[in-house]
Amino acid sequence: MLSRTDCEVRSGAVTLRFEVGFPANGRTINAHELEKILFEFVPACVERSLLYAAVPAEELAGVTALAEDRHFIREELARLDLAAFVADGSILPRESGVSDRPMEGAVPFRSPDEMAVTLTLPHRGPVRGMGVRRGITLIAGGGYHGKSTLLKALERGVYDHIAGDGREYVLTDRTAMKIRAEDGRKVTDADISLFINHLPSGRDTTHFSTLDASGSTSQAANISEALEAGSRLLLMDEDTSATNFMVRDELMQAVIAREQEPITPFLERALDLWQKAGVSLILVVGSCGAYFHIAGRVVQMDAYRARDITAQAKAALEGRPAPALSAPGFYLPAGGRTVDLSGSSQTRKTYRGDGYRQERLKVRRLGKTAFSVGSRELDLRCVEQLVDAGQTLALACMVRYARENLAGCRVEDVAAALMRLVEEKGLGAVCGGSIVPAGLTLPRPQEIFACFNRY
C-alpha cells in the first residue's frame, strides 16, 4: 500500500487521476467512442468505486481493520524493542521472480517457539509470530531452503501489503535498508573511512569520490549513506555482498599483514554498530561461520521452516578461536555533504514571440528502476526496496525540483525539504507546476537519499 498521485484524499475531497488514450481512426479522434468513455464508462467507475453505498460494507470494514491492526503492530515493534515481526501462517514465497503474487502450495511460515511473540490486535485478536529482537540476527541454512525468501519478505515489510498478498502481517522497521555490493556505482564525497583506510594512493576516504566503485567500496558507501539517512536496521545477504568486505579468514590474515590491507571487514564493525550506535543487523549467511561469534540469534531455514539454532551455533564455537570482532576508531559518519546538482543537461531557451524563455528539463522513466532528467540518466536497479515504477518517476521529478530550487544544499536538507513539501502540499508538488500527473508513487526518505547520493 503506497501513497500515490493516482488517488489523494485531502481536505475532505477525493481526487482520482488517470490517463485515457483517446480512440482514433488513423490520426482522427473517434468522437463517438470517446463520448462513451467520458460520459458512460468514467461515471460508472465513479459510482462503483467512490460511493459508499456501492462498496461492500464487509469488504470495506476488513480493509480498515487490517490497516488499524498493522498500525498497532508497528507501535508494538517499538514498545517490545523488535526490529521485525513475521506472523504465523504468512506465505513468504512469491509465484515467480517477476510476480508479487503468493506462491500456491507454499509452506506457511511458523515461528520457532524460542522467538514466538503473541500480539493481541484490536480487530483480529491474538496473532502469534516470530519477533526479531533488535541486535544481530543471522539467517542460516542450505541453498534453496528459504533464507533469501525470508530476507526479501523482511525488506518488503517496510511497506504495508494489501489483503491476499500473504505477507499482510510481515512488518519491519520502516527505516530498514537493504545493503549490497554495487560494482560501478558513482560515489560522491562519502565518508567510508569506517571500513576503508590507508589506501596505497594516499586518497582521503573521509571524502571519497569515484565514478566506478568496486564491490567493497560501494558496499562501504551504501552503509555509510544508509546511516546518514537514519536507518536503524541493515538487511544484508552474503550472496550479494563483497567477500573481502565481509570477512578475512585466518589464513589470509597470516599471509597478508593487517597493515597491508586497507579494508576493515564488516565483521569487525557490526558489533560496534549495534552496541554503540543502536543499528541492528539481519544477515543471511550460507558459507561464512565467522558471524556466529557476534550473533545474538541464529535462525535456520530448513525446507522453508524456521528453527532457532542459537544454542547449537554457540556450542559449535567452543574451543574455536574467535576472529577479531572489533576494530579501533569507531564513529558514525557526520554527513553534511552537498548535493552536486550540476550536469551536462542544461535548460534550453526557446523563442515564443515575446522573447526567450527557459524550458524545463524533461523527465522520463526508463523502466522500473531508471530515469532521465534532461539527457542525464540514473540507474537505481541496486536500490532493491524500490517496489513500484511510480516511485522511480517521483524520484525523477524530485531531482528536477531540487535542481530548480535546492541547488547547493546538503543531502539531508534536500531530503527533508522534499518530504516537507510532500507532507504540506501533496506528492504532486514535486512536479513544480499547476498540473499534477497520475502515476507518481511516494518513495521512503531512504530511497530519496539513495537517489541523490548516486546522482
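**View A. The Asp413–Arg410 pair in the predicted model.** Arg410 has a relative accessibility of 37% and counts as partly exposed. Its partner is Asp413, the two side chains meeting in a salt bridge with an N to O distance of 2.9 Å. Asp413 is likewise partly exposed, at a relative accessible area of 35%. This predicted model contains 30 salt bridges in total.

**View B. A salt bridge between Arg4 and Asp388.** The closest N and O atoms of Arg4 and Asp388 are 3.2 Å apart. Arg4 is partly exposed, at 30% relative accessibility, whereas Asp388 is buried, at 17%.

**View C. A salt bridge between Arg70 and Asp160.** In this pair the closest N and O atoms are 3.9 Å apart. Arg70 belongs to helix H2, while Asp160 is found 90 residues away in the loop between helix H3 (147-156) and strand E11 (170-172). Both Arg70 and Asp160 are buried.

**View D. The largest nonpolar core.** This core comprises 82 residues, and those with the most contacts inside it include Ile223, Phe266, Tyr291 and Phe452. Helix H9 (residues 389-405) gives the most to the core, with nine residues. Among the residues touched by Phe266 are Phe195, Leu234, Met246 and Leu281. Apart from this core lies another, of 24 residues, including Met115, Ala153, Leu233 and Leu235.

**View E. The loop containing Tyr52.** Tyr52 sits between helix H1 (31-49) and helix H2 (57-79). Tyr52 is exposed, with a relative accessible area of 61%.

Conventions. Residues numbered from 1 in each chain as written. Predicted model: local features only at pLDDT ≥ 70, side-chain atom pairs only at ≥ 80, totals over all residues. Heavy atoms only, no water. Core = buried A, V, L, I, M, F, W, Y, C linked by side-chain atoms within 4.5 Å. Buried < 20%, exposed > 50% of the residue type's maximum accessible area, 1.4 Å probe, protein only. Helix = DSSP H or I, 4+ residues; strand = E, 2+ residues; numbered from the N terminus. Contact = heavy atoms within 4.5 Å. Salt bridge = Lys/Arg side-chain N within 4 Å of Asp/Glu carboxyl O. Lists of a residue's contacts leave out its neighbours within four places in sequence.
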